[in-house]
Amino acid sequence: MQNMARKLLLRELKNLKWQRKLSCSVVHQDNFLVKSTIPDIVVPQMRFLDRLWVDSGSFQNHIALECAETKKTYTYAQLQKYSSVFATSLLKKLGLKPGDVLAVMIPNCPEFPVVAFGSIQAGVVLTTVNPIYKEFELAHQISITEPKAIVTIQECYDTVKTTLKNCKKDIKIILIDNPANPVPNGAIRYSEIAESGEADYDLLDKIEKKPDEVACIPFSSGTTGLPKGVEITYGNLLASLEIMHQKEVCYPVLTHGDVQDVVPSFLPFFHIYGLVVNLLGHFAQGCKMITMSKFSASLYLDTLKNSRASLLYIVPPVAILLGKHPDVNKEHFRNVRHICCGAAPLSASDVEAIQQKSKHDIEFNQGFGATETTSLGTTTFKGTKNIDYSACGVPMASMTLKFADPITGGPVPIGQQGEIYIKGPTIMKGYHKNPAASADCLTEDGYFKTGDLGYYKPGVGMFITDRIKELIKVKGMQVAPAELESLLRSHPAVQDAAVIGVPHEFFGEAPKAFIIRKNGLKTTEEEIQDYVASKVAVYKRIEEVMFVDDIPKTASGKILRKELKKMYA
């Protein structure tokens, strides 16, 4: 199957007339569009997993995944086999059908890609859930996606069981298990449907998916409102692979012999950055992924020092840690040749702090993307000289930028500030079961309105200057004010509530709540904070509470967050 896939891919590539331009400058069209200088990709007409594994014949016996905590490993041969066994079990043992939805609520671990790739191989739509979600958050995602089964871990089992009971959902629960330990009655052992048994390749080979069919539904808060399911298609995933493997942006080297890049992977796989950039971008090259179920500074630093880590994918708080932590020294960067930072802007001074500690040249770049763009958008090309580390790079292959007046929506010339619009083959199909939200953020000519303000400086790259959308970015994770406001209003002593993001030295931003108490009722800041903390993931917790007499709103009732920020300042 791999040889056939490779032949199909090579035939696709031979049909292209590559006319490479080595310059990393950007072409300006009509003074409004910013396009990549490298040729557009052509998405191969083949199954996604065939494309993913097209070169895997040379690294079948190499380690694909190693758990930093438990040391459990999968080779590439095991990963592919177990994915196929899991896909077969979904269809034959659990009774799912292509097009059904499977939820996965597990942290980073070797089992995650088995579940993810097995779902795709079975034609089952994957929806990824943050494993620290509580009942309130999980219920929202389940109600939208309506999964037929959910994969989780023992630590999340009670949350899943309670949520399903409250939602009156009777769906199958697959538990990542230790074969030596019992599982709750009714739960299905992951090991029995993935690590044992045989794959029915005749059955799996009959499953065909069109490029515009949905492969997975990660969640994003979009530009406003509650988190929404983002429909990522098979075509989006195929395009992502092609874009990431253009030579200007392909940081891993193809594994051969003793050469294998090592990538510490704390970026959550349920998030588009971890799923696409970390997993897909590096599995195709045969890298070794060291999974961390949650970020721990001590474990991460030990991994850097002892695992021969060569490629680092981080977010700003981790970049700050690497640059400022007193225990970090050149030994942690001994084998590192490239660092990529994303999810939120990073200052040039933080990059320089890392470079001073490393004591050798490390190529560093920032990127810009979103769940709705399958994580891809802009990046710094390899070999770029005199980088401005405050910039987010230039458009990747097949991606186009333009900037619009945030009020009128009219185009603004290159160099002037406007809302960033982005277009390309990785743009989502739309928000799941939410055509109104899709119409709000997708233009008729295919651009995604990011909700970020920025400008493009020719010869340097794109700069993010502000965010016009309501989202709060906490440690690179999205927090929707509307979600917290809805929860706050359910408190018996709260008449009304509004939430904004305020600057935080380490987190980047943190939620602050403005509360109007109900007449005659009393509550404290600590009570409000504890109430929210009991119902949401830790990164969504309220950092500050201010009790007010009035919350500024428009005539239609929309909260004026800019006015609240003025009040805070």
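Visitor: Which residue in β4 does Ile63 stand opposite?

Guide: Ile63 stands opposite Thr75 in β4. Before going on: this is a predicted model, where local features need pLDDT of at least 70, side-chain atom pairs count only at pLDDT 80 or more, and totals for chains, interfaces and linings use all residues. Residues are numbered from 1 along each chain as its sequence is written, and side-chain values use heavy atoms, with hydrogens and water left out.

Visitor: How do I read strand pairing?

Guide: Strands of a sheet pair through backbone hydrogen bonds, either parallel or antiparallel. Strands here are DSSP runs (E, at least two residues), as are helices (H or I, at least four), numbered from the N terminus. Two strands pair if DSSP finds at least two bridges between them. Here β3 (residues 63-67) and β4 pair in the antiparallel sense over three bridges.

Visitor: In what order do the four strands of the open sheet run?

Guide: The order is β4-β3-β14-β13, with mixed pairing. β4 (73-75) and β13 (262-265) each have a single partner strand, so one side of each lacks a neighbour in the sheet.

Visitor: And burial, how is that read?

Guide: Buried means under 20% relative accessible area, exposed over 50%, and partly exposed in between (1.4 Å probe, protein chains only). In helix α4 (residues 111-121), 11 of its 11 residues are buried, including Phe112 and Gln121. Gly123 follows α4, with a positive phi near 75°.

Visitor: Is Thr400 buried or exposed?

Guide: Buried, at a relative accessible area of 9%. Thr400 sits in strand β20 (residues 400-404). Leaving aside neighbours within four places in sequence, its contacts (heavy atoms within 4.5 Å) include Leu33, Tyr421 and Tyr447.
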